[in-house]
Amino acid sequence: MLTGRWFTVTIAHIEALRDKLSKHKWSVDEELTGDDYSISAVWKLSRFYGSSHIYIEFEGLGDFAVLPLNEAYACHLQGDNSFSLYFGKLFKTFDAELDEFIAQLNGMQT
């Protein structure tokens, strides 16, 4: 399904992201609401052995309202839009980009 020029994220994208985070010892501690403008949701993450948190924002700027999480088209590290993951086609570009996104997260100090 298309929303404007963006593919909508599917449950499979969310599950793949959550699964990959868990395999790399990241925990989704909270699922927070977005900003009612361009952010659909925010995940508060921590390492299983760490004490600090990072936040991942799900982008969902729609024509007339913020899109729900299942229609978000990307996510990024809060405060750094260059550190992002686009929800493209599963098993094509998404898998490689997901691995790269997780590698960037793994390189952070938490």
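## K20 and its partner

K20 is partly exposed, with a relative accessible area of 23%, where partly exposed lies between buried (under 20% relative accessible area) and exposed (over 50%), for a 1.4 Å probe and protein chains only. D99 forms a salt bridge with K20, the closest N and O atoms being 2.7 Å apart, and this pair links distant parts of the chain, with D99 in helix α2 and K20 in helix α1, 79 residues apart. A salt bridge here is a side-chain nitrogen of Lys or Arg within 4 Å of a carboxyl oxygen of Asp or Glu.

## Basis of the values

This is a predicted model, in which local features need pLDDT of at least 70 and side-chain atom pairs count only at pLDDT 80 or more, while totals for chains, interfaces and linings use all residues. Residues are numbered from 1 along each chain as its sequence is written, and side-chain values use heavy atoms, with hydrogens and water left out.

## Helix α1

Helices (H or I, at least four residues) and strands (E, at least two) are DSSP runs numbered from the N terminus. In α1, H13, I14, L17 and L21 are buried; seen down the helix axis, the buried residues fall within an arc of 100°, so they line one face, the arc being that of the directions from the axis to the C-beta atoms. On the other side of α1, I11, E15 and K23 are exposed.

## Other salt bridges

D19 forms a salt bridge with K23 at 3.2 Å between the closest N and O atoms. The side chains of K44 and E30 also meet in a salt bridge (3.3 Å, N to O), joining strand β4 to strand β3.
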